[in-house]
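Reader: I'm new to this one. Can you put it on screen and take me through it?

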Amino acid sequence: MTELQPPSSAIWVDVVVTTPAHSGLGDSLTYRSERPLTPGALVRVPLGTRETLGIVWTLRDEPPAGLDPAQTRSVGATLDAIPPLNERWRELVAFAARYYQRALGEVALSALPPALRDLQTEQLARRLKKLAASAPPPSGTDNPPPAPSPDQEQALETLRATIQPVLLFGTTGSGKTEVYLRAAERLLRDDPHAQVLVMVPEINLTPQLEARFRDRFAAHGVVSLHSGLTPAQRLKHWLTAHLGQARIVLGTRMAIFASLPRLRLIVVDEEHDPSYKSQEGARYSARDLAVYRARLESGHTPCQVLLGSATPSLESWHAAEQGRYLRLAMPGRIGGGALPRLRLVDMNHQPRHTVIAPALVQAMVERAARGEQSLVLLNRRGYAPVLACHDCGWKSDCPHCSAHAVFHKIDRTLRCHHCGHTTRVPRACPECGNLDITPLGRGTEQIEEQLAGLLADARRPDGQPVRVARLDADTTRTKGSLESRLADMHAGEVDVLVGTQMVAKGHDFRRITLVASINTDGGLFASDYRAPERLFALLMQAAGRAGRDAAFVAEQGSSVELWVQTWYPQHPLFAALARHDYPAFAAQQLEERAAAQMPPYGHQALVRAEARTQEAAQAWLTLASQAGDGLPGRNHLTLYPPVPTTIQRVANVERAQMLLESPSRPALQAFLAAWQPVLQALRTRPETRGLIRWAIDVDPLSI
Ligand code: ADP
Ligand code: ZN
Ligand code: ZN
């Protein structure tokens, strides 16, 4: 016992708070408390001149060495109306922080609803009281659920018998959602406290899915968690999940961090979707964390993870091949409908300047006349990617980015899709005064306009003109516009829907018999090695919107088709696509990846640096690279030279990146852990002046 010992009633606690990134303050701060506290408790603590929300992480028997107890501040109020965050939750965020190289406080606190940060204890108590007293949820409609198909039965049987992660490889329209619903239903019945987390890529795009869950589980409390909620809604939903009142949480990637004390099942729908990977802050993969979390929870009570897709990520596919995941196949569509037949349109044999092949237009005309719908996919919004002057070569570049500003005809603006910079279209070329400046390339806006022209004489069965609509980020900006556009499509108000990849995702449109991809080739030759995987998935998903109602197709006597316009019809990707053969495509891609030691065979991290000048960004990366010499794991790593990012300048900030690769994930992790503090220390070096920020992206999705 030393005389520095606090009064006998006081204890020491390490509290995790949000500290500025790279502040070097460490993961937690030590406080004293006159009251007993539990790990996971939410507390208010002084930090500098303000008070902030913190999470009690560990209790200490004595203050850490070097800490002056007299200088140690005391914990403020405890939010003791809220039960502490349990150990598994704390382990999950600690793992995510470690793995993705971010501060624990940043990851842990940003996993909580922001409204919790400013809430006083009394306000919180009032909210909780209201929650407890809130009326029982309305009951669902009386639609009885469909009897499961044999494939679905089989999948459910297997699910029941395994504790392994399961990859549900089910064709589009095979009824994967029904499997999720049934699995959840069974669990809720068997365990009166069990909770289920269902993750979807983008909740607004699939209001149908949410409706199906609400309908089926009305009595069990279904809440959603996503960035579209108001702070008050998000707090309420979070609390009901944390208190165990909500049995089903439906959310986007952020929901992986929801506190669910009785979590027994995690579903990741469309697990291949890139939006599961965060592109800011801690760049976590919610899919990968789902697998990790299920294992963590299983140390307590069995928790299953179910990844579903018609085009799984190559990572998950590979894991299934290796036997780490259990693969369940549902190859047939509900109702026995066929997948669309591929019709490759060889653009080399079309009339000059063809945008949409005449045969494709004709096919749409015929379908509209029979009351069927068509979907046209184009991966570029706006009217044209760039405006150009043919006299002097001027192009509508964004003044702040190394990118073109996109021409939007509808309001005659040039908009940069990277920084948002918007200007009016000039009346003449700003360089030479030529009045004839013209759009180059095409976006969804132009395709919509052209289709409307090409289909002007076409008629619907009721004799009315064919209606063309567009679905992209521009037409869905205002609140409710996405929902109303989707509703129009479902109601048959629209005959031809043009859009970006948004149109391909998850929708259960019932009357589509034709899907067309207008401008496909970009994805075939992009420098990004994941581009073919993404293109294949996109085309398969888009194709999956067609022919979903087998009875309708049969009644119509129609054929279901996927039209793909390409200059490279011989490309092997199309051969696999024609057979809807994802396994063959995956095998071929995995072979290439294995040969090049790329993911999932090799492991990558990317360091990105942003600076006032490209030289400064690269200079910092070079320093960083040198500073890595001799660190643990370094011998098993390749550090590539710094290069400018694909879009080098955004909003007047220059960006560069450096790739790290290793055949060993542990070696890469060990290196990053040792490197991180070294990089922070580099900030003080004079050579790094001009550096604005840097960040590490572990398992980057695009390089
Ligand atoms: P996926 O998610 O695999 O694309 P869905 O779960 O959306 O497929 O199912 C496709 C369609 O089939 C939906 O309209 C759904 O309501 C319907 N469906 C699913 N399972 C059954 C079943 N067992 N019996 C009848 N209809 C079903
Ligand atoms: Zn000019
Ligand atoms: Zn810009």
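Reader: How are the donor residues of the zinc ion (ligand 2) spaced in sequence?

Author: The spacing is C-x2-C-x36-C-x2-C. Before going on: this is a predicted model, where local features need pLDDT of at least 70 and side-chain atom pairs count only at pLDDT 80 or more, while totals for chains, interfaces and linings use all residues. Residues are numbered from 1 along each chain as its sequence is written, chains are lettered from A and ligands numbered from 1 in the order in which they are written, and side-chain values use heavy atoms, with hydrogens and water left out.

Reader: Which residues are the protein donors of that zinc ion (ligand 2)?

Author: Cys-389, Cys-392, Cys-429 and Cys-432, each through SG, lying 2.3 Å from the zinc ion. Donors are N, O and S atoms within 2.8 Å of the metal (3.2 Å for Na, K and Ca), and sites may look incomplete as water is not among the atoms.

Reader: What is the arrangement of the 4 donor atoms there?

Author: Tetrahedral, because the angles around the zinc ion (ligand 2) are 102 to 113°. Four donors count as tetrahedral if all angles lie between 85 and 135 degrees. The ideal angle for four tetrahedral donors is 109.5 degrees.

Reader: Where do Cys-392 and Cys-429 lie?

Author: Cys-392 is in the loop between strands S14 (386-389) and S15 (406-408), and Cys-429 is in the loop between S17 (422-424) and S18 (437-440), so the pair ties together parts that are 37 residues apart in sequence. Strands (E, at least two residues) and helices (H or I, at least four) are DSSP runs, numbered from the N terminus.

Reader: Is Cys-429 buried or exposed?

Author: Cys-429 is buried, at 3% relative accessible area, whereas Cys-392 is partly exposed at 39%. Buried means under 20%, exposed over 50%, and partly exposed in between (1.4 Å probe, protein chains only).

Reader: And which donors does the zinc ion (ligand 3) have?

Author: Its protein donors are Cys-398, Cys-401, Cys-416 and Cys-419, again SG atoms, 2.2 to 2.4 Å from the ion. Along the chain they follow C-x2-C-x14-C-x2-C. Cys-398 sits in the loop between S14 and S15 and Cys-416 in the loop between S16 and S17, so this pair ties together parts 18 residues apart in sequence. Both Cys-398 and Cys-416 are buried. The angles around the zinc ion (ligand 3) are 106 to 112°, which makes this arrangement tetrahedral.

Reader: What order do the strands have in the open sheet of 3 strands?

Author: The order is S15-S16-S17, with antiparallel pairing. S15 and S17 are at the edges with a single partner strand each, so one side of each has no neighbour in the sheet. Between S15 and S16 (residues 413-415) there are 3 bridges, and Val-406 stands opposite Arg-415 in S16. Two strands pair if DSSP finds at least two bridges between them.

Reader: New topic. How many residues of strand S10 are buried?

Author: In S10 (residues 304-309), 6 of 6 are buried. Gln-304, Leu-306 and Gly-308 point one way, and Val-305, Leu-307 and Ser-309 the other.

Reader: Which strands pair with S10 in the parallel sense?

Author: Strand S5 (residues 166-170) does, over 4 bridges, with Phe-169 partnering Ser-309. Strand S9 (residues 263-268) also pairs with S10 over 4 bridges, and there Leu-265 partners Gln-304.

Key: Tetrahedral: all angles 85-135°; square planar, octahedral: opposite > 155°, others 65-115°.
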